[in-house]
Each structure stands twice: as C-alpha cells, then as structure tokens.
Amino acid sequence: MAKAVAVTDADTAGHKPLDHIPSVPEDGWYVGVTHGYCVDRDLQSFSSLIRPEEIEASGFDYLALGHVHVFSVMEHGVTKAAYCGSPNKGLGKNDMSAALVELNPQKGVFVNKLDLLPRTF
C-alpha cells in the first residue's frame, strides 16, 4: 500500500514546495509529487526552489518532480527523486521521455527512463 502526497504549486517567489508535508506513514510506500526546481544553493530570482536537504528530510520513498523537462534521477537520504523529462519533443533536450518507477518491497525504488517516439498519424 502507498500513501501519495501531491504538494501544491504556487509558483511564486519564496514558495517552498516541500514545506508542510504530512508526516511519514508507519507502513507502506510514501510517494510525493510536486513541481519545483531542485538546486543546491539559494537563487532569489527563481520560485519553487527545492534543496537537496529538503528532499532528504521529506522521508518520501519516491518524489516525482516536475519543472525541468530533462530526465534525471537523484537520491538524497532515503528518497529517490526524478524529473521524468517531457513527452513533447523540443522541451529541454531534443528527445521525449517518461519515467517508469518500480516500488519493489525487497529491493527498493528503481527509476528507469522510457524513450518515447513521436506519434505518427
């Protein structure tokens, strides 16, 4: 069983996407979804910043991130986090991707990149 938390996105200066998340459940998977820009330093001109320490402190098993349109996976503490890329060609890199996430009770969290092909009509 998983407990999923969607963190709202205000996308305004000073907004902290991982503020005020619920506490870690006693059992099952703890999955979060939010929109923000993960950086290792403060950038005053950007909104919705997420620091690595905040990802680590969240206690999520997996955190799905949106904002950056390039596939990337990171791990901070027990939390594995990923930007899935974009299903739209030309956003970020010139490829299309999605993330396939496996929550395996014996082995942990695995995130794999799925390369997508343009739709043909």
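Biologist: Is S86 buried or exposed?
Modeller: S86 counts as buried, because its relative accessibility is 3%. Buried means under 20% relative accessible area, exposed means over 50%, and partly exposed lies in between, with a 1.4 Å probe and protein chains only.

Biologist: Before we continue, what kind of model is this?
Modeller: This is a predicted model, in which local features need pLDDT of at least 70, side-chain atom pairs count only at pLDDT 80 or more, and totals for chains, interfaces and linings use all residues. Residues are numbered from 1 along each chain as its sequence is written, and side-chain values use heavy atoms, with hydrogens and water left out.

Biologist: Where is S86 found?
Modeller: S86 is in the loop between β7 and β8, the latter spanning 97–104. Helices (H or I, at least four residues) and strands (E, at least two) are DSSP runs, numbered from the N terminus.

Biologist: Which backbone nitrogen lies 3.0 Å from a polar atom of the S86 side chain?
Modeller: That nitrogen belongs to N88.

Biologist: Let us turn to the nonpolar residues. Which ones make up the largest nonpolar core?
Modeller: The largest nonpolar core has eleven residues: L18, Y30, C38, I50, I55, F60, L63, L65, M74, A81 and Y83. β5 (62–66) and β7 (79–83) each supply at least two residues of this core. Apart from it lies another core, of six residues, including V31, A82, V109 and V111. A nonpolar core is a set of buried Ala, Val, Leu, Ile, Met, Phe, Trp, Tyr and Cys residues joined through side-chain atoms within 4.5 Å.

Biologist: Why might such residues gather?
Modeller: In soluble globular proteins, nonpolar side chains tend to be buried together.

Biologist: How many aromatic pairs does the structure hold?
Modeller: It holds one aromatic pair. The ring centres of Y30 and F60 are 4.6 Å apart and the planes are at 40°, so the pair is tilted. Rings of Phe, Tyr and Trp (its six-membered ring) pair if their centres lie within 6.5 Å; planes under 30 degrees apart count as stacked, over 60 as edge-to-face and the rest as tilted.

Biologist: And where do Y30 and F60 sit?
Modeller: Y30 is in strand β2 (residues 29–35), while F60 is in the loop between α1 (52–58) and β5. The pair links distant parts of the chain, 30 residues apart. Both Y30 and F60 are buried.

Biologist: What about cysteines: how many disulfides are there?
Modeller: The count is zero disulfides, a disulfide being a pair of cysteine sulfur atoms within 2.5 Å. C38 is buried, with a relative accessible area of 18%, whereas C84 is partly exposed at 32%.

Biologist: Then on to charges. How many salt bridges are counted?
Modeller: The count is five salt bridges. A salt bridge is a side-chain nitrogen of Lys or Arg within 4 Å of a carboxyl oxygen of Asp or Glu. One of them joins E75 and K80, with the closest N and O atoms 3.7 Å apart. E75 is exposed at 53% relative accessible area, but K80 is buried at 18%.

Biologist: Which residues are linked in a network of salt bridges?
Modeller: D95, K113 and D115 form that network. K113 meets D95 at 3.0 Å, N to O. K113 lies in strand β9 (residues 108–115) and D95 in the loop between β7 and β8, so this pair ties together parts 18 residues apart in sequence. K113 also forms a salt bridge with D115, where the closest N and O atoms are 3.6 Å apart.

How values were computed
Polar contact = N/O pair within 3.5 Å; in protein donor to acceptor, adjacent residues only side chain to side chain.
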